[in-house]
Amino acid sequence: MSHPQSYEILLVPEHEADTRTPDPDTALRSAVVEATGDTGESGYPRYTGEGVEADIDPATHTVEALLVDGTEIDYGLTVRIAEHIGGRREEEGGPDATGTDAPAG
């Protein structure tokens, strides 16, 4: 099964009432992560970049595990995948996520 080679991870406050994917410019932190070719502890493909390590389910675009600068994120933060890396639509077959949430903790 082929999976996307990169995603943009967005860290946003959990209390955001808007369930749409936030603009990367409004995220508290964002990072583009690239596929490593390895499988993470969660059993999903591992992605790394810019101090972020994530295991992402390529079928649902759900972040299954996340470390930021080597630690878990704080309560009150949510991780989402940007719909388009850098505000531009990826080429056909690239990531086209719908803003999947993965609560902290």
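A cavity, in the sense used here, is a set of grid points where a 1.4 Å probe fits but cannot get out. By that definition, this predicted model holds 1 cavity of 30 Å³ or more, and about 30 Å³ of space lies in the largest cavity. Its lining is made up of Ile 9, Leu 10, Leu 11, Arg 29, Ser 30, Ala 31, Val 52 and Val 68. Strand 1 and strand 2 are the elements that give two or more residues to this lining.

## Overall architecture

The protein chain contains 0 helices and 7 strands, so that the order of elements from the N terminus on, by the DSSP runs that define them, reads β-β-β-β-β-β-β. Of the 105 residues in the chain, 42% are buried. Among contacts between residues at least 6 apart in sequence, 47% join residues at least 24 apart.

## Strand pairing and turns

Strand 2 and strand 3 form a hairpin with 5 residues between them, and in its turn Gly 43 has a positive phi of about 95°. The hairpin of strand 4 and strand 5 has 4 residues between the strands, and there the positive phi belongs to His 61. His 61 is a residue other than glycine, and its phi is near 60°. Although His 61 is found in the loop between strand 4 and strand 5, it counts as buried because its relative accessibility is 15%, which is under the 20% limit.

Glu 50 also takes a positive phi as a residue other than glycine, in this case near 55°. Glu 50 lies in the loop between strand 3 and strand 4, and its relative accessibility of 52% is the reason that it counts as exposed, the cut-off for that class being over 50%.

## The nonpolar core

The largest nonpolar core has 16 residues, and those with the most contacts inside it are Ile 9, Val 33, Val 52, Ile 56, Val 63 and Leu 66. At least two residues of this core come from each of strand 1 (6-13), strand 2 (29-39), strand 4 (52-57), strand 5 (62-68) and strand 6 (77-81).

Val 33 touches, apart from residues up to four places away in sequence, Gln 5, Ser 6, Tyr 7, Ile 9, Tyr 47, Thr 48, Gly 49, Val 52 and Ile 56. Ile 9, Val 52 and Ile 56 in this group are themselves among the core residues with the most contacts.

Leu 66 lies in strand 5 and is buried because its relative accessible area is 14%. When neighbours within four places in sequence are left aside, Leu 66 is in contact with Ile 9, Leu 11, Val 52, Glu 53, Ala 54, Thr 71, Glu 72, Ile 73 and Val 79. The C-alpha atoms of Leu 66 and Tyr 47, which stand 19 residues apart along the chain, are separated by 9.6 Å.

## A buried aspartate

Which residue's backbone nitrogen does the side chain of Asp 55 reach? Asp 55, a residue of strand 4, counts as buried because its relative accessibility is 1%, and its side chain reaches the backbone nitrogen of Glu 41 at 3.4 Å. Beyond its neighbours within four places in sequence, Asp 55 is in contact with Gly 40, Glu 41, Ser 42, Tyr 44, Pro 45, Arg 46, Thr 62, Val 63, Glu 64 and Ala 65.

Conventions:
Residues numbered from 1 in each chain as written. Predicted model: local features only at pLDDT ≥ 70, side-chain atom pairs only at ≥ 80, totals over all residues. Heavy atoms only, no water. Core = buried A, V, L, I, M, F, W, Y, C linked by side-chain atoms within 4.5 Å. Buried < 20%, exposed > 50% of the residue type's maximum accessible area, 1.4 Å probe, protein only. Contact = heavy atoms within 4.5 Å. Polar contact = N/O pair within 3.5 Å; in protein donor to acceptor, adjacent residues only side chain to side chain. Pairing = 2+ DSSP bridges. 1 Å grid on protein atoms, 1.4 Å probe; cavity = no way out; pocket = protein on both sides within 12 Å on 5 of 7 lines; lining within 4 Å. Points joined across faces, edges and corners; volume = space filled by probe spheres on them.
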